[in-house]
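Welcome, and thanks for opening your viewer. Let's take a short walk through this model, one selection at a time.

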Amino acid sequence: MIFHIILIVLAVIVALFLLLFCIYFFNLDMKLIVNVIAPILEKYHDKKKHDQFV
């Protein structure tokens with residue numbers, strides 16, 4: 001019984017490591033920010049009235 005629990009925990013740890021490695025290796029976090037989050041923020045920023053212009 002204990003062996004099965006340890007094996008499941010080890011499998012979960014390895015799966016999470018592989019997932020995080022793929023995110024790091026393919027730079028998926030920055031691709032998400034550039035393609036999804038930045039356009040949303042730019043829409044909000046463009047609508048906002050500016051007091052000062054740089």
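## Along the helix

Begin by selecting F17 and F21: the two sit four residues apart in helix α1 (residues 2–25), so about one helical turn separates them. This model is a predicted one. Here is a handy rule for the view: an α-helix has 3.6 residues a turn, so residues three or four places apart point the same way.

Now colour by accessibility, if your viewer can do that. F17 is exposed, its relative accessible area being 55%. F21 is partly exposed, at 41%.

Next, move on to F25 and F26, which form an edge-to-face aromatic pair, with 5.1 Å from centre to centre and 85 degrees between the planes. F25 is exposed, with a relative accessible area of 55%, while F26 is partly exposed at 45%.

Step back to see how the rings connect. How many aromatic pairs are there? The count comes to three. One of them is F17 with F21, a stacked pair with 6.5 Å between centres and 25 degrees between planes. Select F17, F21, F25 and F26 together, and you have a cluster linked by ring pairs.

For the last stop, select N27. This residue comes just after α1 and takes a positive phi of about 55 degrees.

Conventions: Residues numbered from 1 in each chain as written. Predicted model: local features only at pLDDT ≥ 70, side-chain atom pairs only at ≥ 80, totals over all residues. Heavy atoms only, no water. Phe/Tyr/Trp six-rings, centres within 6.5 Å; stacked < 30°, edge-to-face > 60°. Buried < 20%, exposed > 50% of the residue type's maximum accessible area, 1.4 Å probe, protein only.
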